[in-house]
Structures are given as C-alpha cells and as structure tokens.
Amino acid sequence: MSVICVIGTGYVGLVTGTCLADMGNQVTCVDIVAEKIEKLKKGILPIYEPGLEEMVHRNYQAGRLHFTTSYSEGLAASDFIFIAVNTPTGNGQGGADMRYVESAARSIAEELDHYAIIINKSTVPVGSGDVVSRVIHNNLKRSDITFAVVSNPEFLREGSALLDFQQPDRIVLGSSDPEAAYTVARLYMPLRAPIVTTDLYTAEMIKYASNAFLATKISFINEIAQICERLGADVKEVAVGMGYDKRIGHAFLNAGLGYGGSCFPKDVRALAHMADEAGLHPQLLHAVMEINHDQRRLVISKLTSILGSLRGTTIGVLGLAFKPNTDDMREAPAVDIIRWITSQGAHVRVYDPVASETGREALVREGVRLDSVTFCENAYSVAEQTDALVIVTEWNEFKSLNMQHVRSLMHRPVLIDGRNIYDGSEMHRLGFIYRAMGRGTGPAPTILPAGDSTALPALQPTLDLNIGD
Ligand code: UDX
C-alpha cells in the first residue's frame, strides 16, 4: 500500500485517484475549489463517467479515498504526488496554458517536508517536466528536501475511463531519474500492463504523438469519406475493408462530424504550435485540423443543398455531447453546427440524453441565442414539425428509434446522418431524403429547387421514388 496525493479533481485526477484507491492505496485528492470538495465528500461528482460514482462511494466509505482543499493535509506522508490539473489552450496561437501546473508545483513546494515523487499526468508541452522541477526547486521551503519528477501521461477516454485505467494498453513513465520511474512502475505493477520507461521529453512527446496520430486517422477517413461521396463509394465499407489489414486496424476509422472533446483539438493545436515555434512547418497537423473544421460545415451544405435557404425552417438536432456516454461539451461539433444553423435564421429543436444542461451552458458561452433553440424531452419530440433532422452524436438510443414514426412527425422527411448510424437503403425505403457522411447520395432524386425554403411546399412522400408500401 502506498500513500498518494492527487492534485486536481477534474476528469483525470478523479479517475486516477479513485482507481488508485480501489487498488488498495491511501489516496487524498486535493482541489482548490472548496465547493467541489464539499460536494465530493457528499458523493456528488463534478463529471459524468459510467461507474465512477459507485467507485468513489465505495472507496470513500472504506476510508481509502479522502478529499480536501488543503495541500498540507494532502501531502502529509505521501510517497507519490500526482499533478492532474488542466492545461487549456492558452495563447491565441494554440500553445498550452501551464498556469495551473505551475501553480500546483509551487503549492507542492511550499508544503513538502519529505522526499516524494511528483508525477505529472497533465498534458504539458514537451520539456515541461523540467519547468515543474525548477518551480518546485525554487520554492521549496526547506533546502534539505529532495524530490523526483516523473512524467506519466494519461490515455483515458471519456466514457470508458475506468476500464482504460484498469486495463491500459501501456503505461508510459519518463524521468531523468530512472530509479524514480521504476518506483512508479511498481505502483502500477498490479495492472499487469506493458510499461515504457524513457526520458521526460520522450514521455511527454508520446502523449502528443499518440493523440495527433488518432486525430490524423479520423481526418484521413473523413477526407476519404468526401472522396467516396463524390465517386459513389461507401466509406463505412471502405473502412471495414481497410481495417482487416493488421497494419491499419479497425479503430478510429469512423467517418462523421470529426473529433471534439478536451484532448484531440487541444493537443493537435499544441503540437503544431510547438513545431511552429521550433521553426518547423507541420503541414500534416495543420491539414488534420482544417479537415476536422470543414467536416462540421458539411452539415450546413447538405442542409442547404436540399432545403435551399434555412431561413424560417425548423431543424432537429439529435445529440449535443462531443461523443456518446458523456455530458462533456468541450469542442463539441454540436455547438458550431447549432450556431451556424441559427445564424441563418432557422429554429433548432434539440435533445441529448445527458448533456442538455452542459449543452445549454456551452451554447450560451458561444453566443447562441437561446430563443432560437428549443430543448426537448426526447428524440421524437425533437422531430415534430421539423424540416430536417441532423444526427450529431451517435448515442445508442438514437440507433433504435422507430424511424417510421420519426418521419411521420416531421414536416419534411430530410435526414442528415452526421455519424453514419442508419442503413441508407432502409431510410430511403421509409421515405426519408437521407444524406450520410461519405456514403454516396443513394438512388433518390433529392436535389430540391434552391431558394427560400419557406416557399417550398412540404415534401410529399411521392417526391421520393424509393418509398416503400
Ligand atoms: C481521447 C483519447 O482517446 C485519449 O487517449 C486521450 O488521452 C484523451 O482524448 P476522448 O477525448 O475521451 O479520449 O475521446 P475518444 O473516444 O478518443 O474520441 C475523440 C473524438 O474523436 C470524439 O469526438 C469522437 O467522436 C471522434 N472520433 C473517434 C471519430 O470521429 N471517429 C472515430 O473513428 C473515433
């Protein structure tokens, strides 16, 4: 059993602290936001993550997991101190903001009275481990205290973070003090995962390179999707066919509205920024970001290619969160899409199984006028009297809707499947004018006259040649 302190009770900190406690360690989570700590003590979590609430309760009850706002309480007798504070995009050019990491390092230095290993889990620019060392060294209240810094990047996916912690593909540890890295490796030994030990800079780079590679895979398949659409191929099947090649694999080849969330957008931006600063020209990373941005725009061009002007129309949006099984709205495509739709004079009806509240806040932050948006209780209510329905997040409950009923509720049967979750020929059979991402246009003659869509008659089923019964 080790005594551990985790600084930061955000996504990474809370999952890390709770899972380490679940492995039998004594863990104290420190956060400077008193309200967060008070709520955690009552079992109220600041984030939604499947299974986490139960695990927090269980370990808190068992006396292995503690919450405090006090660094001195958290650090007391700790062998390991994890820094898990956030590193948002800071300056205008995409660099990471190190303020929270530096302030955590300063607070650790001010309270540290024994040897400890400081483990950085926050995603920091390559070379930041040295900054953490320097800040701690310069602020130590006792000059006889020694410490080591280890970089231990996290690879947790929202929605499956507990599993990712407990069954990681690999654990990366970087340090200029190999003994310290081995000591941290022993802490992780019960997980029986491959452990890569390396230097600080390399460990920090592994994190950026991994996320940038996955983002590249997504932008790659999205570019292929656009080509497929023009040439009449189906990107979903192309991805399946490609994925059987072991060198390619099936994962992360889902074409759609592109990546969002707290990591990919920020990390690709930060890596490109580091490369730019180093005098390089990271063309691929810039293309990855551009493709990702354009992908969201496709919703608007698909809508206008069918409806003409969006002024006066009502558009249904299914899903707000940046991906299913989370209420996280950070860099969610839904925000841009709803902003663009409403700015063209359309009204939006929207539903998300868990992200309505966070979604509402995100839309307000981005300047979307809420009188142009109606939040609905379920997917069917969204569909009522809409001129088009757009699937933005691929929640499971959207995959098994009664689409015949959905269609009967709509003013015009236009379906934009931003996540390729439906069977195109089935949707055509049901009478939808169906557009997916990179899957051709299907057999129906679907280009409606351009111009003000309010002047268009509501689409009659007979307009679609593929209607069944
Ligand atoms: C990611 C990384 O996976 C994790 O290792 C890292 O440390 C944090 O960032 P997360 O942001 O939770 O995790 O989401 P992830 O499941 O990886 O998906 C990221 C984004 O890519 C989502 O917006 C998702 O919709 C999109 N995506 C993913 C695709 O568009 N297509 C795919 O095939 C896969």
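This is a predicted model: local features need pLDDT of at least 70, side-chain atom pairs count only at pLDDT 80 or more; totals for chains, interfaces and linings use all residues.
## The ligand and its surroundings

Let's start with the ligand. There are 19 residues around the ligand, and those that come nearest are E158, N254, G260, C263 and K323. What kinds of residues make up this shell? Sorted by class, nine are nonpolar, six are charged and four are polar.

Where along the chain do these residues come from? Helix α9, which covers residues 200-231, gives the largest share of the shell, with three residues.

Now look at the oxygen atoms of the ligand. A backbone N or O atom of E158 is 2.6 Å from a ligand oxygen. E158 is also among the residues that come nearest to the ligand. For E154, a backbone N or O atom lies 3.4 Å from an oxygen atom of the ligand. F322 has a polar backbone atom 3.5 Å from a ligand oxygen. How much of the ligand does the protein bury? On its own the ligand would expose 670 Å², and the protein buries 92% of that.

## A covered strand

Next, find strand β9, which spans residues 314-318. Is this strand mostly covered or mostly open? It is mostly covered, as five of its five residues are buried. You can check this face by face: T314, G316 and L318 sit on one side, I315 and V317 sit on the other, and all of them are buried.

Strand β9 also has a partner. It pairs with strand β10 (residues 347-351) in the parallel sense, over five bridges.

Finally, here are two residues to look up. H66 belongs to strand β3, residues 65-68. Is H66 buried or partly exposed? Its relative accessible area is 30%, so H66 counts as partly exposed. From H66 to I145 there are 79 residues in sequence, and their C-alpha atoms are 25 Å apart in space.

L75 is found in helix α4, residues 71-75. Why is L75 called buried? Buried means under 20% relative accessible area, and L75 has a value of 2%. L75 and V414 are 339 residues apart in sequence, with 58 Å between their C-alpha atoms.

Technical notes:
Residues are numbered from 1 along each chain as its sequence is written. Side-chain values use heavy atoms; hydrogens and water are left out. A residue is near a molecule or strand if one of its heavy atoms lies within 4 Å of it. A polar contact is a pair of N or O atoms within 3.5 Å; within protein, one must be able to donate a hydrogen and the other to accept it, and residues adjacent in sequence count only if both atoms are side-chain atoms. Accessible areas come from the Shrake-Rupley method with a 1.4 Å probe; for residues, only the protein chains shown count as cover. Helices (H or I, at least four residues) and strands (E, at least two) are DSSP runs, numbered from the N terminus. Ala, Val, Leu, Ile, Met, Phe, Trp, Tyr, Cys and Pro count as nonpolar, Asp, Glu, Lys and Arg as charged, and the others, Gly among them, as polar. Buried means under 20% relative accessible area, exposed over 50%, partly exposed in between (1.4 Å probe, protein chains only). Two strands pair if DSSP finds at least two bridges between them.
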